[in-house]
Amino acid sequence: MATRVPEESIEDQYQEEIQLEAEVAKLRAELGLEDPKTLEKVFELFSNWIALYRLNKTDALLQEVVPVCKKLGGTWHIKAIQSLGFCRWKQYRFTDALECFLEMEKLVGPSTSLFENIGHTYSSLGNLEKAEEYFQSALKVQEEIDAVRAKLPEAMRGAMEDKENRGGILLGLGLVKERRGDIAGALVQLERALKCYQEKFKDTDASLTAKAHMSVGKAHEKLNHLPEAEQNFREALRIFIKTCGRDSPLTAGALGSLGKVLYDQHKLEEAQVHLKEALSLEATKDSVHLMTVFELMLKIIDLHTGGDTPLNRQVFKQTAGEICLLAEEYETAIEFLSTATDLLAKVTTINVSKLRDTAETLLRYGITELCKRMKAAPVAGQSTAAGAPSDAHTASTAPVEAAATGDAEAGSAPQSSDKPGGESESQKGSR
C-alpha cells in the first residue's frame, strides 16, 4: 500500500530552524564541531537552511564544516560535498556546483538523484548535450529500480517509494528540449512530469508540484498560450505560499511570472501588484539573479510610463548588459545586449551608429568570455576540485529550477537528501 506523503508546512520549517540552531550551538559548545553528534545536527540544519534559502548562513558554516568533514573522510566527506554543491547551485555558481556533483559521482557511483542534479547543472551551464546524457542515465537507473520494486511483495514496495524520481528526470529532459527551441515538444514532456508529481503528491500540496507548474507555465508563455500560463503560475504561487512562505525566492519567481503574463494580457492593475512584490523579494534574497531583477524593473517601468520606444528600451537593456558583464554573468549579459542591438536597428529618427558599435563590441566580448567559461567547465571523467558540498539531507523539491533557474529558479534545481549521494533536490520540500 502506498504511504501518504507528509504535508509540507512552512511554519514547521521555521520552528525547526529555531530549534536546530539552538541545538547546534549547544553541541558545539559542549562537544566541539568534529563530534559525530554535532555534525549530524549540523547537516540537519543545513537541510533546513537550504530549503529556506538561508544561503549566507549556510555558506558561512560550510567554510568551517567542509575542512572538518574532508579530514574525517567517508560519509562525512560525501555529506559535505553534497551540501556545498546545493548551496553553490542556489547561489547560481553552477561551475562550482558541478565540481561537487562530479566528485560525488566518483565517490558514490550511479544514482538517479545525483545524475539528475548533474543534468540540471549542465543544463544551466548551457551544455545541453551533457545534460541530456545525464538525464537519460538517470532514467535508465530509475527503470532498473522500478523493475526491482515490481518484483517485491506489495507490502514491501512502500519502502522504495522514496527512490521514485521520474518526475524530476522528465522535467529535466523537458527543459533541455525547451532550451533547444523545441517548445511544443518540451511542453509534452513537462506536462508528463507535472502529472508524475500530481500522482505522487495527490493527497497534499508539494513544492515539487509547484515547480512543475512553473515549468509548464513558462512553456505555455513561450507558445503565447497566456491563459494556460496564467493558470499554471497561479497554482504554483498558491502552493509556494503554503509550503515555502510568502518571502521565499520560489514565491518571488511565481509572483514575477504571473505578473508578466497578466501584463501581457493587459490585466495591468493586478500585474503591478505581483510585479512589485516580486521585485522586492528578488532584490533582497541572499543570492540575487540579475536578469530576473532587470526584467521585473523593465516591466514595472513600462507599467508606469506606458512608453515602449525602441531607444528607451535599448538604453535600459544595454545598461543592464554592461552591469551583467561586470558581474561576469555572461549568459545574461548576452541576452540583454542582443536585445539592445536589435532595438537599435529599429531607431531611424536619429543617428545611433556609435551606440550600435558599442553594443556590438560588448556583445562580442560577452560571447568570447562565455565560450571560455564553457570550455573550462569540468566534464565527467576529469579530476574535479575538492571541497564543494551539497545539500544531502532532506528529501524534497527541486529540479526544473532550474532553473536556474535560469532560469535557475524556474527550472530545476538539484536534489538533496540525508542519504549520502542520495536524493535530488527535486525531491526536497523547498528547493
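Reply: Start with burial: a residue counts as buried when its relative accessible area is under 20%. Keep in mind that this is a predicted model.

Me: Why is tyrosine 197 called buried?

Reply: Tyrosine 197 has 4% relative accessibility. The cut-off is under 20%, so tyrosine 197 counts as buried.

Me: What makes phenylalanine 201 buried?

Reply: The relative accessibility of phenylalanine 201 is 10%. That value is set against the limit of under 20%, and therefore phenylalanine 201 counts as buried.

Me: Why is the pair of phenylalanine 115 and tyrosine 134 called edge-to-face?

Reply: Two values are needed, because a pair of aromatic rings is described by the distance of the centres and the angle of the planes. For phenylalanine 115 and tyrosine 134 these are 5.6 Å centre to centre and 70° between the planes. Rings pair if their centres lie within 6.5 Å, and planes over 60 degrees apart count as edge-to-face. The pair is therefore edge-to-face. Phenylalanine 115 lies in helix 6 (residues 112-124) and tyrosine 134 in helix 7 (residues 128-151), 19 residues apart, and the pair links distant parts of the chain. Both phenylalanine 115 and tyrosine 134 are buried.

Me: What makes the pair of tyrosine 197 and phenylalanine 201 stacked?

Reply: The ring centres of tyrosine 197 and phenylalanine 201 are 6.3 Å apart, with the planes at 25°. The limits are within 6.5 Å for a pair and under 30 degrees for stacking, so this pair is stacked. The structure holds nine aromatic pairs. Ring pairs also link Phe43, Phe46 and Trp76 into a cluster.

Me: How do you know that the charged end of lysine 79 sits over the ring of phenylalanine 43?

Reply: The charged end of lysine 79 is 5.5 Å from the centre of that ring. The distance limit is within 6 Å, and the charge must also lie within 35 degrees of the ring normal. Lysine 90 likewise has its charged end over a ring, that of tyrosine 53, 4.7 Å from the centre.

Me: Which residues have the most contacts inside the largest nonpolar core?

Reply: They are Phe46, Val65, Phe101 and Ile118, in a core of 48 residues. Elements giving two or more residues to this core include helix 1 (10-31), helix 2 (36-51) and helix 9 (166-179). A second, separate core has 27 residues, among them Ala210 and Cys244.

Me: What is the mean pLDDT of the protein chain?

Reply: The mean is 82, and 80% of the residues reach 70 or more. Over residues 416-423, pLDDT stays under 50.

Key. Residues are numbered from 1 along each chain as its sequence is written. This is a predicted model: local features need pLDDT of at least 70, side-chain atom pairs count only at pLDDT 80 or more; totals for chains, interfaces and linings use all residues. Side-chain values use heavy atoms; hydrogens and water are left out. Rings of Phe, Tyr and Trp (its six-membered ring) pair if their centres lie within 6.5 Å; planes under 30 degrees apart count as stacked, over 60 as edge-to-face and the rest as tilted. Helices (H or I, at least four residues) and strands (E, at least two) are DSSP runs, numbered from the N terminus. Buried means under 20% relative accessible area, exposed over 50%, partly exposed in between (1.4 Å probe, protein chains only). pLDDT is the predictor's confidence in each residue, from 0 to 100. Contact means heavy atoms within 4.5 Å. A nonpolar core is a set of buried Ala, Val, Leu, Ile, Met, Phe, Trp, Tyr and Cys residues joined through side-chain atoms within 4.5 Å.
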